Amino acid sequence: MSRLLAAALTVVAAAALAVGTALGVVALLDARPDQPNTPLISYEQAGQGS
């Protein structure tokens with residue numbers, strides 16, 4: 001019975017650690033400022049006439 005209890009506690013601890021890590025990663029990604037969406041290369045618009 002003690003092995004079953006130890007295994008169950010290990011599973012619960014591992015699940016809690018995984019959820020905590022996932023929430024931490026999401027919080028870190030949300031804390032980063034958004035990068036400007038400016039293109040590195042811009043092309044001149046060609047005239048429409050032929």
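Biologist: How many helices and strands does the secondary structure of the protein chain come to?
Modeller: Keep in mind that this is a predicted model. The secondary structure of the protein chain holds zero strands.

Biologist: Where does helix 1 run, and which residues does it cover?
Modeller: Leu-28 is one of the residues in helix 1. Ala-27 is found there too, and so is Asp-30. Helix 1 covers residues 2–31.

Biologist: How far apart are the end C-alpha atoms of helix 1, and what should the helix span?
Modeller: Helix 1 has 30 residues, counted at 1.5 Å a residue. It should therefore span 44 Å. The model agrees, as the end C-alpha atoms are 43 Å apart.

Biologist: What are the C-alpha separations for pairs such as Ala-27 and Met-1?
Modeller: Take Leu-28 and Ala-18, 10 residues apart along the chain: their C-alpha atoms are separated by 15 Å. Asp-30 and Leu-5 are 25 residues apart along the chain, with 37 Å between C-alpha atoms. Ala-27 and Met-1 are 26 residues apart in sequence, and their C-alpha distance is 39 Å.

Biologist: Is Leu-28 buried or exposed?
Modeller: Exposed means over 50% relative accessible area. Leu-28 passes that cut-off, so it is exposed, with a relative accessible area of 63%.

Biologist: How many residues of helix 1 are buried?
Modeller: Buried means under 20% relative accessible area. Helix 1 lies largely in the open, because of its 30 residues the number buried is zero.

Biologist: What share of the protein chain counts as buried?
Modeller: The accessible surface of the protein chain comes to about 5200 Å². Carbon and sulfur atoms account for 66% of that surface. Of the 50 residues, the share that counts as buried is 0%.

Biologist: What is the radius of gyration of the protein chain?
Modeller: The C-alpha atoms fill a box of roughly 85 × 25 × 10 Å along the principal axes. A compact globule of 50 residues would have a radius of gyration near 10 Å. The protein chain has 26 Å.

Biologist: Which residues form a nonpolar patch on the surface?
Modeller: One member, Tyr-43, is found in the segment after helix 1. Tyr-43 is exposed, because its relative accessible area is 69%. The patch has about 470 Å² of accessible area together, and its members are Leu-40, Ile-41 and Tyr-43.

Technical notes:
Residues numbered from 1 in each chain as written. Predicted model: local features only at pLDDT ≥ 70, side-chain atom pairs only at ≥ 80, totals over all residues. Heavy atoms only, no water. Helix = DSSP H or I, 4+ residues; strand = E, 2+ residues; numbered from the N terminus. Buried < 20%, exposed > 50% of the residue type's maximum accessible area, 1.4 Å probe, protein only. Patch = residues over 30% accessible without salt bridge, like charges linked within 9 Å, V, L, I, M, F, W, Y side chains within 5 Å. Areas by Shrake-Rupley, 256 points an atom, 1.4 Å probe, with all protein chains shown as cover. Salt bridge = Lys/Arg side-chain N within 4 Å of Asp/Glu carboxyl O. Rg over C-alpha atoms; globule rule 2.2 N^0.38 Å. Expected span 1.5 Å × (residues − 1).
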